[in-house]
Amino acid sequence: QVQLVESGGGLVQPGGSQRLSCAASGSIFSINSMGWYRQAPGKQRELVARITSGGSTNYADSVKGRFTISRDNAKNTVYLQMNSLQPADTAVYYCNALVNNGSAYRVYWGQGTQVTVSS
């Protein structure tokens, strides 16, 4: 089994910054892509950013230039640096990973961490 544990959420003022972390552990042979999704109340879950094992990234248009995704392959950890936060960024943020457990690739999700942008 594989577990993804997120940390770093909370309350931040508009214009502020926050950094999310997500560490994967368990039966991991290798990790392909890792990413962050978010879901605001009444809305569908949407991709925020994704990074491959080789470091290629893609971002939602709404966060380009403000958010940066990175990963530490040695620690099986992905980060999301969020700058210039806006109230529209308020959501539950979920970590996602495509993991090879030695026999097959499977998608895993974290439990989610709340990010609230408010004055």
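Biologist: What is the angle about the S-S bond in the link of Cys22 and Cys95, and which hand does that give?
Modeller: The angle is -80 degrees, and the link is left-handed. A disulfide here is a pair of cysteine sulfur atoms within 2.5 Å. Cys22 and Cys95 sit at 2.1 Å, S to S.

Biologist: Where are the two cysteines in the chain?
Modeller: Cys22 is in strand 3 (residues 18-26) and Cys95 is in strand 9 (residues 91-100). They are 73 residues apart, so the pair links distant parts of the chain. Strands (E, at least two residues) and helices (H or I, at least four) are DSSP runs, numbered from the N terminus.

Biologist: How many disulfides in total?
Modeller: The count comes to 1.

Biologist: What kind of model is this, and how are the residues numbered?
Modeller: It is a predicted model, where local features need pLDDT of at least 70, side-chain atom pairs count only at pLDDT 80 or more, and totals for chains, interfaces and linings use all residues. Residues are numbered from 1 along each chain as its sequence is written, and side-chain values use heavy atoms, with hydrogens and water left out.

Biologist: Back to the cysteines. Is Cys22 buried or exposed?
Modeller: Buried, because its relative accessibility is 0%. Cys95 is also at 0% and counts as buried. The cut-offs are under 20% relative accessible area for buried, over 50% for exposed, and partly exposed in between (1.4 Å probe, protein chains only).

Biologist: Which residues other than glycine have a positive phi?
Modeller: Asn76 is one of them, at about 50 degrees. Ser84 is another, also at about 50 degrees. Most residues other than glycine have a negative phi.

Biologist: Where do Asn76 and Ser84 sit?
Modeller: Asn76 is in the loop between strand 7 and strand 8 (77-82). Ser84 is in the loop between strand 8 and strand 9. Asn76 is partly exposed, at 23%. Ser84 is partly exposed too, at 41%.

Biologist: What does the backbone oxygen of Ser84 lie 2.9 Å from?
Modeller: A polar atom of the Arg66 side chain. A polar contact is a pair of N or O atoms within 3.5 Å; within protein, one must be able to donate a hydrogen and the other to accept it, and residues adjacent in sequence count only if both atoms are side-chain atoms.

Biologist: Is Arg66 buried or exposed?
Modeller: Buried, because its relative accessible area is 11%. Arg66 is in the loop between strand 6 and strand 7 (67-72). Leaving aside neighbours within four places in sequence, its contacts (heavy atoms within 4.5 Å) include Gln81, Met82, Leu85 and Asp89.

Biologist: And Phe67, buried or exposed?
Modeller: Buried, at 2%. Phe67 lies in strand 7. Beyond neighbours within four places in sequence, Phe67 touches residues including Arg38, Val48, Tyr59, Leu80 and Tyr93.
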